[in-house]
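Biologist: I should like to learn how to read the features of a protein model. May we go through them one at a time?

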Amino acid sequence: MKLARAYGYLKKDLNEIEQTINDVVQAKHPVLRQASTQLLQAGGKRIRPVFVLLAGQMGEYDLERLKTVAVSLELIHTATLVHDDVIDDADIRRGKPTIRKTYGNRVAMYAGDYILARALEEITLLQVPKIHRLLSKTIVEVCKGEIEQIKDKFDGSQGIRNYLRRIKRKTALLIATSCKLGAIASGLTEQEAHKLYRYGYNIGMSYQIIDDILDFTGSEKELGKPAGNDLLQGNLTLPVFLAMKDPVLETRIKQSLQADPITREARMKEVVENIKETDAISESYCLSDWFLAKALKQLEDFPDSRPKQTLLQIGKYIGKRRA
C-alpha cells in the first residue's frame, strides 16, 4: 500500500493547500520568487498538512482555518530544508538541484528566511494566541535541533541520547505540532489535543528512525544519494550507535570520522557494509516499533471514525516501510 492511498480522500483539500503554499511564497523580486518556489516544485510528501487535516477531522472541520495552519507548518519545514542544504553543502534534494546549488549560499539563506517570514505572516490570519505560542516554541526547538546537529557532527563520543533529542527537535516536533494545531483549530479539548500531539511525536520518532535505517539499506536510486551518506557527512544515527557496541567497529568508525575527507570517503564505504552486517539494523527497527506502538495507543480513547482509521493506517504503513 502506498502511503497516499490511506488519505486519498483528502486529495481535493490537499491540492487546495498546495496551491495556497505556492501563492504565499510568490515574491515581487524575480530571484527571490524563483528561489522560493524551486524546492516546492521539487515535490514532497506534504505529510504535515495531512496530519493537520486528519486531526481537524476529529473535531469541527473548517478547511480555511486548517489550511492556514497547514500552509504555515509546511513553509516552516521548507525553510529548514533550505537552511539545512546550506549547512550541509548539499547539491541535490529530491533528485533535483538545491537552491544553494542554483543560486549560491547567500541567496539560499535569504530565501529560507523569506519562506519562514511568510509562514509566520500566514499564521497571524488566525487570532488564536495558543496557536501562535505553540508554533513559536516549536520553531525555537527546531533551531536548537539544528544547532545540536552542527555541534555533534563527526563527534564519535556522543551517545544515543543525543541522537534521540536531535531527531525529536528536527522531525518529531513538527509532526506533533501539526497534529496538535489541527486539533486546536478544530475545537478539540486540551486532553484530546495532547493525545494527538503525543501520537504525532511518536510517529515522528518512528518515521525518522526508519529514514535513518534506509540511509544504510536503500539503494542510491531510491535514496537520491549514496548509501551511508549521513555518516559520510558526519551525522551519526541510530544504526551507527548500535553498531558501535562492537569495540572493534567503534574504533573503526571513530577513526574514519576523524580522517581527512578523501580517506574518510574511502573508509566509510567499508564501514557502511560492516554496520549492515551487525544486528544494528534489526535493533533499530525494534526501537522504531516501540515508538510506533506508543503512537497508536494514543488513539485508543477516540471514537471510531474515518480519520482515526487513517491515522492508524499511516502508523502501520510507517512500521512496515522498507523503502
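Biologist: Is E273 buried, exposed or partly exposed?

Modeller: The model is predicted, and the class of a residue is read from its computed relative accessible area. E273 has 39% relative accessibility, so E273 counts as partly exposed. K276, with a relative accessible area of 35%, is partly exposed as well.

Biologist: How many salt bridges does the structure hold?

Modeller: There are 23. Among them is the one between K67 and E16, whose side chains meet at 3.0 Å, N to O. K67 lies in helix 5 and E16 in helix 2 (residues 11-24), so this pair ties together parts that are 51 residues apart in sequence. K67 is buried, with a relative accessible area of 11%, whereas E16 is partly exposed at 29%.

Biologist: Why does the length of helix 8 agree with its number of residues?

Modeller: One compares an expected span with the distance between the end C-alpha atoms. Helix 8 (residues 129-152) has 24 residues, and at 1.5 Å a residue it should span 34 Å; its end C-alpha atoms are 35 Å apart, so the two agree.

Biologist: Against which helices do the buried residues of helix 8 pack?

Modeller: They pack against helix 5 (63-87), helix 7 (105-123) and helix 9 (160-185). The buried residues of helix 8 include I131, L134, L135, I139 and V142, but also E141, E146 and D152. I147, which lies in helix 8, is instead exposed, with a relative accessible area of 53%. Together with I87 and I150, I147 makes a nonpolar surface patch of about 260 Å².

Biologist: Where does F154 lie?

Modeller: F154 is in the loop between helix 8 and helix 9. Here one reads the backbone angle phi: F154 has a positive value of about 60° although it is not a glycine. Its relative accessibility of 24% makes F154 partly exposed. D89 is another non-glycine residue with a positive phi, of about 55°, and its place is in the loop between helix 5 and strand 1 (92-93).

Biologist: Which residues touch the most other members of the largest nonpolar core?

Modeller: In soluble globular proteins, nonpolar side chains tend to be buried together. The largest nonpolar core here has 101 residues, and F51, L196, Y199, I275 and I314 touch the most other members. Helix 10 (residues 190-217) gives the most to this core, with 13 residues. Leaving aside residues up to four places away in sequence, I314 touches L3, A6, Y7, V50, F51, L54 and Y199.

Conventions:
Residues are numbered from 1 along each chain as its sequence is written. This is a predicted model: local features need pLDDT of at least 70, side-chain atom pairs count only at pLDDT 80 or more; totals for chains, interfaces and linings use all residues. Side-chain values use heavy atoms; hydrogens and water are left out. A nonpolar core is a set of buried Ala, Val, Leu, Ile, Met, Phe, Trp, Tyr and Cys residues joined through side-chain atoms within 4.5 Å. Buried means under 20% relative accessible area, exposed over 50%, partly exposed in between (1.4 Å probe, protein chains only). Helices (H or I, at least four residues) and strands (E, at least two) are DSSP runs, numbered from the N terminus. Contact means heavy atoms within 4.5 Å. The expected span of a helix is 1.5 Å times one less than its number of residues. Patches are made of residues with over 30% relative accessible area and no salt bridge: like charges are joined within 9 Å, nonpolar side chains (Val, Leu, Ile, Met, Phe, Trp, Tyr) within 5 Å. Accessible areas come from the Shrake-Rupley method with a 1.4 Å probe; for residues, only the protein chains shown count as cover. A salt bridge is a side-chain nitrogen of Lys or Arg within 4 Å of a carboxyl oxygen of Asp or Glu.
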